[in-house]
Amino acid sequence: FEKNPMMANLVDITYYNTRTKNQLLLIGRPPASGFNQGYINAGLIRNSGLELMVNYTAVRAGDFSWTGFLNYAKNNNKVIAITQNMTSVIIQDDDVVTTKVETGKAFGSLYSKGWQRDAAGNKLVDDQGRPLLTSGKTVYLGNFNPKYSAGLSNTFTYKAISLSFLIDYKNGGTIIGGTQALLDADGHSARSLEGRENGIVLDAYQVSGSKNTQSISSQAYFSSIGDRKPAAEEYAYSATNMRLREITLDYNFPKRFLGSSSFINGARLSLVGRNLFFFKRDAPFDPDIAMGRGGEELTSLPFTRSYGINLKLSF
């Protein structure tokens, strides 16, 4: 690789296939037991996947160099078994979403309330045109784990100055926007402006099988699907996103600036920006917030964009 600077200096590929059993699961307990939850040792989960890391030098010419790092990770997860008597376990449950571990599926299945539908899959409304929703959180929304993730870092150096950046990408996964449901129901979101003047005729069918022609108010619609116990099917988003995670501009002070008698051997000044912006995002909030809560975002503080100045001294 060293003979051709355009080629990678290091490629690391890892494939894994593991089975983990008797994991510690927190499950609900019946009220008569005197406990809300309890831990059990159960489960057989298979994880298989691929991890790829590439370090490369794209250009090295005189005082200029361009180096980079690329990583890719994909994990395939499947619950093989829980216990002999259980094929599904609830690991998290609130007013918005229920998270389950289910045999035959990946860890972290999301369920919520949603639309009632006819045999053809059409949404149903009542005689007044209002949404007909499921009585419980029985609608499968997806899994909160991403399909794969990748990152790209590049550093451009010219003499004492270097510029580097890091781009993160995550593909797939389902996340729930609980805050958006509250904003819609209270009429505080841009989406809730829909139908305020002339009402809304929902693209749905009545139970009788006839096409819906009834108009309802914006408030009636969004208070039905939103609020604290929403039809989270309407607030399920893809977690796919690409962002500029970090950018750094460095200046390494030449030794002549430090003086021959100085006890400081080196100095580097850095301007740093983190979490600056998204190149792509499907959800109306930062998906990382929901990923840290098992796929659900609810009245969370947004992640901040940060800027900093660093001075590093070596002695």
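## The largest cavity

Gln 23, Leu 25, Ala 42, Gly 43, Ile 45, Val 79, Ala 81, Ile 82, Val 101 and Phe 107 line the largest cavity. A cavity is a set of points, on a 1 Å grid over the protein atoms alone, where a 1.4 Å probe fits but cannot get out, and lining residues have an atom within 4 Å of a point. The volume of the largest cavity is about 30 Å³, and a search of the whole structure finds one cavity of 30 Å³ or more. Here grid points are joined across faces, edges and corners, and a volume is the space filled by probe spheres set on the points.

Strands β1 (8–28), β2 (37–61) and β3 (64–81) each supply at least two residues of this lining. The largest share, three residues, comes from β2. Strands (E, at least two residues) and helices (H or I, at least four) are DSSP runs, numbered from the N terminus.

## Basis of the model

The model is predicted: local features need pLDDT of at least 70, side-chain atom pairs count only at pLDDT 80 or more, and totals for chains, interfaces and linings use all residues. Residues are numbered from 1 along each chain as its sequence is written, and side-chain values use heavy atoms, with hydrogens and water left out.

## Nonpolar cores

The largest nonpolar core has 20 residues, and those with the most contacts inside it are Ile 175, Leu 202 and Tyr 221. Helix α2 (residues 218–225) gives the most to this core, namely four residues. Apart from it lies another core of nine residues, including Ile 27, Ala 42, Ile 45 and Val 101. A nonpolar core is a set of buried Ala, Val, Leu, Ile, Met, Phe, Trp, Tyr and Cys residues joined through side-chain atoms within 4.5 Å. Buried means under 20% relative accessible area, exposed over 50%, and partly exposed in between (1.4 Å probe, protein chains only).

## Paired strands

Strands β9 (residues 148–158) and β10 (residues 161–171) run antiparallel and are joined by 11 bridges; two strands pair if DSSP finds at least two bridges between them. Phe 156 stands opposite Leu 163 in β10. The hairpin of β9 and β10 has two residues between the strands, and Lys 159 takes a positive phi near 55° in this hairpin. Strand β10 also pairs with β16 (residues 241–252), in the antiparallel sense over 10 bridges. Asp 250 in β16 is the bridge partner of Ser 162.

An open sheet is formed by four strands in the order β4-β5-β6-β8, with antiparallel pairing. Its edge strands, β4 (88–93) and β8 (139–143), each pair on one side only. Five bridges connect β4 with β5 (residues 98–102) in the antiparallel sense, and Val 89 has Val 101 in β5 as its bridge partner.

## Residues with positive phi

Most residues other than glycine have a negative phi. Asp 227 is not a glycine, yet it has a positive phi of about 75°. Asp 227 lies in the loop between α2 and β15 (236–238), and it counts as partly exposed because its relative accessibility is 36%.

Asn 275 likewise has a positive phi, near 55°, in a residue other than glycine. Asn 275 lies in strand β17 (residues 266–281). Its relative accessibility is 16%, so Asn 275 counts as buried.

How values were computed:
1 Å grid on protein atoms, 1.4 Å probe; cavity = no way out; pocket = protein on both sides within 12 Å on 5 of 7 lines; lining within 4 Å.
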